[in-house]
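Me: Could you walk me through this structure slowly? I have only just opened it.

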Amino acid sequence: MSPRKSQVKVAIAELMRRTVYFTVPVLAHILTACAGYTLRNSVSWAVSSNDVAEDADLSEEVAPALLVDGGGLWKQAYPTGGDKNPGERVEPEGDSSAAAQRPARLFSYRTEKEEGKVKAKVAGSWPPPHQETARTARYIAHSSDWGFLATISSQDKIKGLPFGNIFSVSDGPLDNSTGVIYFYVTPMDTTVSDLKMNRYASVTFSEAESDFCRQMIYEPEDPRCARLTLTGKMAEVPPEELAFAKEAMFSRHPVMAKWPVGHKWFFMKLELIQVWLQDWTGGTWLIPLEEYFNAWPF
């Protein structure tokens with residue numbers, strides 16, 4: 001063998017030795033870093049209430065709203081199989097304990113085996129059939145605890161432009177739907193400043209607020225995940241209506257009764273001009289006010 005070939009072989013052997021010495025520590029480092037991770041399948045999983053409670057600070061000072069049980073408004077979903085009509089109600093099978101019926105904290109896909117087992121506990125917990133548009137609008141207005149309120153801004157940099165804000169709302173106590181949307185607001189809020197200049201506003205609700213669209217695996221933009229926009233003029237609640245407005249808001253949002261009085265909270269309501277609904281594919285609906293107010297959501 002020529003000296004040149006011998007040198008080439010020695011060089012190749014040395015290169016391979018250095019490559020092995022470099023690769024082994026790198027792989028060891030990667031495996032060490034991954035030791036704390038567990039491989040999951042493609043189906044997302046729910047966090048149990050016990051897990052959440054261990055990590056969360058549930059003191060009244062830090063999170064008073066967590067002390068309020070809002071689970072009564074969560075809705076069970078229709079099976080996604082397609083063999084059920086949208087308005088058909090069914091009953092749950094298996095474990096009926098409170099823990100088993102509690103909605104998941106995270107989005108969770110339903111397995112095929114579970115598809116035929118999604119059933120309602122209470123008949124009134126189901127959304128109405130989508131063909132009943134006025135009733136669907138009233139259902140969303142009543143079952144929503146909060147909405148997106150759009151006003152015409154009075155702020156200097158965006159004066160005259162749309163401005164949106166989130167508000168807790170109620171159209172009445174849980175057992176008494178009115179279709180009239182009530183608010184509990186403070187003059188310190190930017191939106192209230194806008195309303196002093198221009199009383200016209202729109203409030204939008206989405207069925208994505210409930211558990212229905214999650215269970216059906218509907219995106220919030222999916223037209224089958226119903227959305228409702230009520231447009232009108234915001235007005236301060238008159239004295240003869242204050243008792244009902246207070247009951248409507250505080251029965252649904254008890255923590256509001258403890259908000260600081262120094263903020264000068266007061267009640268407002270939306271006097272309707274238009275009811276706009278999209279609850280299925282194929283278009284939207286403008287529901288006459290008479291039909292909206294005459295419908296019953298339950």
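Me: Is Trp-296 buried or exposed, or something in between?
Reply: Trp-296 is partly exposed, with a relative accessible area of 44%, and that class lies between buried (under 20%) and exposed (over 50%), using a 1.4 Å probe and protein chains only. This is a predicted model, in which local features need pLDDT of at least 70 and side-chain atom pairs 80 or more, while totals for chains, interfaces and linings use all residues. Residues are numbered from 1 along each chain, and side-chain values use heavy atoms, without hydrogens and water.

Me: And Phe-298, how much of that one shows?
Reply: Phe-298 is partly exposed too, at 35% relative accessible area.

Me: Switching topic, how many aromatic pairs are there?
Reply: The structure holds 11 of them, counting Phe, Tyr and Trp (six-membered ring) centres within 6.5 Å, with planes under 30 degrees apart called stacked, over 60 edge-to-face and the rest tilted. In one of the pairs, Phe-250 and Phe-267 have ring centres 5.8 Å apart and planes at 55°, so they are tilted.

Me: Where do Phe-250 and Phe-267 sit in the chain?
Reply: Phe-250 belongs to helix H7 (residues 242-252) and Phe-267 to strand E6 (residues 266-278), so this pair, 17 residues apart, links distant parts of the chain. Both Phe-250 and Phe-267 are buried. By contrast in angle, Trp-296 and Phe-298 have planes at 70° and centres 5.0 Å apart, so that pair is edge-to-face.

Me: Which residues cluster with Phe-250?
Reply: Tyr-184, Trp-259, Trp-265 and Phe-267 form one aromatic cluster with Phe-250.

Definitions and conventions:
Helices (H or I, at least four residues) and strands (E, at least two) are DSSP runs, numbered from the N terminus.
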